[in-house]
Number of protein chains: 2
Amino acid sequence: MSDAQKYPLSGITVLDLSHVYNGPYATFLMAMAGADVIKIEPFEGEHLRSRGDMGGAALPFAMLNSNKKPVTLNLKKDKGRELFLEMVQRADILVENFAPGVMDRLGLGADVLHQLNPGLIYGSSSGYGKEGPYRDYPAMDLVMQAMCGVIECTGYPDQPPVKAGAALCDFMAGIHLYGAIMTALYERERTGVGRTVEVSMQEATYASLASNLGMFHARGAAAPSRTGNRHGGLGISPYNVYPTTDGYVVLNAPGDHHFRAILQVMGRSDLKDDPRFVSRSSRVANFTDVDALLESWTTTLSKQEVADLMLASKVPCAPVRGLSEVMNDENMHARGSLQWIDHPEIGRVALPHSPLVFEDSPRKPIEPSLPLGAKNDEIFGKWLGHSPEELQTLRSDGVIS
Amino acid sequence: MSDAQKYPLSGITVLDLSHVYNGPYATFLMAMAGADVIKIEPFEGEHLRSRGDMGGAALPFAMLNSNKKPVTLNLKKDKGRELFLEMVQRADILVENFAPGVMDRLGLGADVLHQLNPGLIYGSSSGYGKEGPYRDYPAMDLVMQAMCGVIECTGYPDQPPVKAGAALCDFMAGIHLYGAIMTALYERERTGVGRTVEVSMQEATYASLASNLGMFHARGAAAPSRTGNRHGGLGISPYNVYPTTDGYVVLNAPGDHHFRAILQVMGRSDLKDDPRFVSRSSRVANFTDVDALLESWTTTLSKQEVADLMLASKVPCAPVRGLSEVMNDENMHARGSLQWIDHPEIGRVALPHSPLVFEDSPRKPIEPSLPLGAKNDEIFGKWLGHSPEELQTLRSDGVIS
């Protein structure tokens, strides 16, 4: 279906039954690496598409569905499942993130598909995995953050815990799923045989709490569950979010040389021998004084001024950037990992390319996400070889739309 | 070096120069998938090891370095670089997460290594990428969270923003790096040629803010930067963290049927026709009343009791679990993705296996992380073929330890 080998995944065909963030992120990475990704949706569209812009879903849909070929297919009809099996015979990879058991109930479980195509890589993702005591628990990002310990570790110690603003459980699962599938694809080149691989949001999130788990291991019940913006192990100062005239900056300056540089930037080198500040342990013991000293200076400047001055002296520092700044990031736009695209449905927006950079290959041009079923004729007609008459019958029988 | 093909990456040799979380997580996944991972460290150990247990680094080190073969090598000596190049000739993959430019300054850049071994996959990870205006900015997780917008989106709207407790920028980069390397490994099987791939923490984090970016796109300046534990789009109620007798629970119940089930569980079906609660939009408009109603009930029970009752009625709910509960999670232990291991250095601890589950292969047994340089004799002696006398000279010359 593809042009000649040009990108790492040129020539690979992916059947994508997945929805919202988790699976679609995995298949987005495949599409941007050159695979043909056929996005198979029910007539109402996958959950994220069918939300329209209610709740702000339009941009996320566009972000995750560039360069995919959307088709509609009714898997609840026998003929729909037949068409699906025709596609399976020609595909390399299948991705789904239904609740465990859904594909089996459709008669489309991994065993059935592997009998038809032993080379297929069957990749699935779920909240808690296909087997295990929690397999049937609901798995939204908020719920997973609670179960995985992320919420307990986020926020100020004297206040209720708070969720992380990023949907990290969803995306951690999606990128792990990509990794598992690529591993199996490599293996297939050696063995000729495909595999079933799976990822759970719970397992994909676990390692990201390494620092917090380490502190708990080291200190037990004495370890604080959460430390606001202070160091998770309360072992570094300055380490905090500091107010400025127009927002906040973060500083993370573990070394004595960092602190001497900070004093110099602030014009307070007179404090360089102050016993409260001479060593990391003394700064940690006097963190309130350290933070007050910093604040007395940061509140006189803008966040970008503070960051520029600190960075010029090699002190790890950054402005706390809002989403407008993030979308307009000059580094990502310079690198081509964010690009301004005129999207036919939602206008001019910044769309991400893949974070996976393959040097010596050009980045595949971003093709904006397409309307529901836009590739029905191409996929069911040209690729599978059904005639216009057959497609008409499929439409009138409610198999495709 | 390996036993017969048994795991997906059996027979693959990885040279791992990486440190702390980002690179070591990528190579941990490779080791658990069957690769031989040679962990090459300076004499003082990589940063995470050399911290010892100061700041709680012991468990994170053990979590990320199972099944690796640690060697010491002084890359600042000519002879050290020679030994390294001997290894490169026999390796499939190299992983490093030094600051951009470090490997080039050592004379060990990707070009040099590919001349020696055109099949090598050279994978690197950094904060902002090897090229671009921010390439030399410092890149710790806190700083990256600020730059990527994660901090701005986390916390309560009437309070300063707060970092996510999980080190998500570090781990997002690590797993993306794994995915990029596996893609190149697959491609090498087809083309015979290795690749340089790279990942930046900034780019790897971007997509995880899809919901927040979407809300900003839809509502512009009217969109709240952060919403505490309420829905990011303020479009669902109940959706919050609720207090109980012994901690908190989360509830995320978008559907009218969810709310009717909640009322039944609470014994308050008398409210089912209350105009404040009959539809999603009315609940969102009256979210304070919704939350107060929920709280009046959740505060009478333990978090597990609330969660059990809600889950039994298919309402998405979970206890906000502390780290002790997370480490002891029955689902992950039942699945083998967490295992109790008697670690020779730090005692009995829960260690994670890989989140990448390859069905029909047994999980590779977890081998606890080893002391610095534990495999010097095996790697420099047996594998590279240097005699005991040569190893002795290398030791006395300060090339290995």
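A polar contact here is a pair of N or O atoms within 3.5 Å, and within protein one of the two must be able to donate a hydrogen and the other to accept it. In this predicted model, that rule picks out 53 residue pairs across the interface of chain A and chain B, both partners at pLDDT 80 or more. On the side of chain A that touches chain B, the top contributor is helix H8 (residues 168-191) of chain A, which puts in 15 residues. Sorting the residues on that side of chain A gives 78 nonpolar, 32 polar and 21 charged.

As for the extent of the interface, 131 residues of chain A and 130 residues of chain B take part in the contact. Putting the two chains together buries about 11,600 Å², with carbon and sulfur atoms giving 66% of that area.

One pair to look up in the structure is Glu359(A) with Lys130(B), whose side chains form a salt bridge at 3.1 Å, N to O.

Strand S12 (residues 357-358) of chain A runs antiparallel to strand S6 (residues 196-200) of chain B, and two bridges join them. Within this pairing, Phe358(A) sits opposite Val197(B) of S6(B).

Terms used: Residues numbered from 1 in each chain as written. Chains lettered and ligands numbered in written order. Predicted model: local features only at pLDDT ≥ 70, side-chain atom pairs only at ≥ 80, totals over all residues. Heavy atoms only, no water. Contact = heavy atoms within 4.5 Å. Buried area = accessible area lost by both parts, 1.4 Å probe. Salt bridge = Lys/Arg side-chain N within 4 Å of Asp/Glu carboxyl O. Polar contact = N/O pair within 3.5 Å; in protein donor to acceptor, adjacent residues only side chain to side chain. Helix = DSSP H or I, 4+ residues; strand = E, 2+ residues; numbered from the N terminus. Nonpolar A, V, L, I, M, F, W, Y, C, P; charged D, E, K, R; others polar. Pairing = 2+ DSSP bridges.
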